[in-house]
Amino acid sequence: MVEVELYGLPRLYAGAERCAVAAGSLAEVLGALAQALPGLVPAIVDARGHLSEHARVAIDGRRLLDDPAEAIADGAVLVVISAQAGG
Amino acid sequence: MGVFRRLLHVHLAGDRLRCEHVPIDDAITRALIGGVGLGAHLLWRYAPRGVDPLAPAAPLIFALAPLLGTPLTTTAKLAVICKSPLTGRISDGLSSSRFALAAKRLGVDAIVLTGALDHLSIVHLDEDPTRARVEPCPALAGASPAEVGEALAGRRVAAIGPAGERLVRFATLTNDGRHAGRGGAGALLGAKRVKAITVHGDATPPLADPAAVRERAKELARRSLGAATDKYRRLGTVANLETFDRLRILPARNFQRVSIGRAKARRLSPEGLRAEAGHVREGCAGCTIGCDHRFGGTRLEYESLFALGPLCGIDEPAQVLAAAAACDRLGVDTISAGGTLAFAMECAERGLVPWPIAFGDDLVPWLEKIAAREGIGDLLAEGSRRVAARVGQGSERFACQVKGLELPGYEPRTMQTMALGLAVAARGADHNRSGAYQADLQPGVDRFAAALATTPARVIETEDHAALLDALILCKFLRGAIADPWVEGAELLAMTAGIALSPDELREAAARIVALRHLYNRREGWTIAEDTLPARFFDEPLEDGAALSRELLAAMVAAYHEARGLGVERLPARERLDALFAPLDLGPWAEGLE
Ligand code: SF4
């Protein structure tokens, strides 16, 4: 399984702080996330598992991902955040 | 037009003032737009070379902008420009307010204050310069900006708090509870013995195409309520803290750590703060977004939260809110106050000073000592760079400032585009004149490893984007709702000020603004040695090994200045200056620099 942590707006829209979904490509993982937490659609992800321009996803809190085909292995932790970082 | 093509020069002396209108050539507006661009030009022109920032001759400039006074959302802002008493370099702060709107109705594009009064006074400015006057205000000595606002109810006011009166080098200038915060503009007003300025007038800037402005205002208001601004509306920038904690970007304990742990970060999240103190949302004048989140009545942004919280070892919401309220009341910049206190805490922790201060302490008594320049507060009021110079013993390596301005809340070792942005920023360590953090949080950018080939260009792009918004002036929180800022910026300039620039010409203008800031600094003695970060960030890797390469940063700084067209020597070649500033007739550049 892949553990997904949600922060900021994604957490607010989802109404949840975390969610475990099956491993697969990034699009499959985010698609499963959208099914589990429909509040994320469409502001954060669309139903096909594509990330919106208003969100970012980092693997293990480090590298930001954008290739829907990238494989996300079992045990990985994804962090979903708002794209706007300014303060 | 959205511009009046003249400025108001206010000469202060004794207990009197004299006002004079001075024309502004269209070439200036075409070359530098307005806001921070116009302000940089006026600083170059009105500040004597080498002037002490707190001397009467040093100008304090309010630069207005072409979009100010229109129905376009988020445009009720002005820029405050001076030679910073904290850095000795250019300082330009932005602030939103009804004061900005009223200042435009004076019928001018800028106000330049020079000279000084003999006694603490209010300066009343009027569209009719013969009605401008000075009103001594001994009863307001020591008053907070809010108290000054109450005393002058019904007027549009910009004021300083007790810190400005006592020349604290990071004192703010406040209007409508918003601050032109960084760099110490409040101390300049204090040095001029001006407690407050009021503005009154009825001038209306004629618009080049009023119907187009009305249409665009409606459309922009609609866009301003879309997904790109939802974070600012629903959570506010305080939401950054918990995210940054997770991404190991959050500076804690004077940049010794990058996380305070999940549970503590959660208490400082919007949800945690609401639960602790209650919440209301407000907004600046003329803004449809309304990102101003108040907890327990105190306005809190991410930068204040990080600086008065984790940076000082504090994770109690009530303590942070009390400190933020004290900064508002006293009129001090939250980032520099938190940064200087965190530095003092680390000095004490290391046994370098005998001061009774420690991480986690209640900040309010210390802020009050700073504002009153009482005891150790008198030294802390000078900012961390000067404190480090006094403490010595190698403490400079962890005085977290650039050019004397304390670092904002982004850890440079884990945000290395931002590291370069902080090092080169003309006003010192700065997150507002550059959005380099945004580049670090783009897919495809390795934020743990900057690259000579790509990082300088990313920093330049974000600086130019910010310069455009700060010159027009549009709030940066609207940027996500603007697909192409160069195209839309050109359209907005044409429909308001009637100035036709292509998107490419607008890009050149933005780059020219940034170059002019650097050129001002060079005139005041800048050398490339000051475009760096404290040694901590090179010599102290984080737990996971993240560190910044001193050599790489130096190479990127040089590449940045070359790409800016200024070169790395203090005195740029005359041909470079002519190429950069060709549209301006700003006088003999070389004479100004040599
Ligand atoms: S978005 Fe926020 S900072 Fe910007 S103008 Fe509106 S209320 Fe002010």
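Student: What area do domain 2 of chain B and domain 3 of chain B bury between them?
Tutor: This is a predicted model. The size of an interface is often given as the accessible area lost when the parts come together. Carbon and sulfur atoms carry 61% of the area buried between domain 2 of chain B and domain 3 of chain B. The total is about 1700 Å².

Student: Which residues in domain 2 of chain B lose the most area to domain 3 of chain B?
Tutor: Three residues together give 32% of what the domain 2 side buries. They are B:R248, B:R397 and B:K403.

Student: Which residue forms a salt bridge with B:R397?
Tutor: Between domain 2 of chain B and domain 3 of chain B, the count is four salt bridges. In the one formed with B:R397, the closest N and O atoms are 2.2 Å apart. A salt bridge requires such atoms to lie within 4 Å, and the partner of B:R397 is B:E540.

Student: How far apart are the C-alpha centres of domain 2 of chain B and domain 3 of chain B?
Tutor: The domain assignment places domain 2 at 225-406 and domain 3 at 438-581 of chain B. Their C-alpha centres are separated by 26 Å.

Student: How many salt bridges are counted between chain A and chain B?
Tutor: Here 26 residues of chain A are in contact with 32 residues of chain B, and the buried area is about 2600 Å², with 52% from carbon and sulfur atoms. One salt bridge joins B:D544 to A:R62, with the closest N and O atoms 3.3 Å apart. The count between the two chains is six salt bridges.

Student: From which domains of chain B does the shell around the ligand draw at least three residues each?
Tutor: The ligand takes up the space of the largest cavity. Its surroundings include B:K77, B:R178 and B:F477, and the shell divides into six nonpolar, three polar and two charged residues. The domains that each supply at least three residues are domain 1 (6-200) and domain 2 (225-406).

Notes
Residues are numbered from 1 along each chain as its sequence is written. Chains are lettered from A and ligands numbered from 1 in the order in which they are written. This is a predicted model: local features need pLDDT of at least 70, side-chain atom pairs count only at pLDDT 80 or more; totals for chains, interfaces and linings use all residues. Side-chain values use heavy atoms; hydrogens and water are left out. A residue is near a molecule or strand if one of its heavy atoms lies within 4 Å of it. On a 1 Å grid over the protein atoms alone, a cavity is a set of points where a 1.4 Å probe fits but cannot get out, and a pocket is an open set with protein on both sides within 12 Å along at least five of seven lines; lining residues have an atom within 4 Å of a point. A molecule sits in a cavity or pocket if more than half of its atoms lie within 2 Å of its grid points. Ala, Val, Leu, Ile, Met, Phe, Trp, Tyr, Cys and Pro count as nonpolar, Asp, Glu, Lys and Arg as charged, and the others, Gly among them, as polar. Domain bounds come from an automatic or database domain assignment. Contact means heavy atoms within 4.5 Å. Buried area is the accessible area (1.4 Å probe) that two parts lose on being put together, summed over both. A salt bridge is a side-chain nitrogen of Lys or Arg within 4 Å of a carboxyl oxygen of Asp or Glu.
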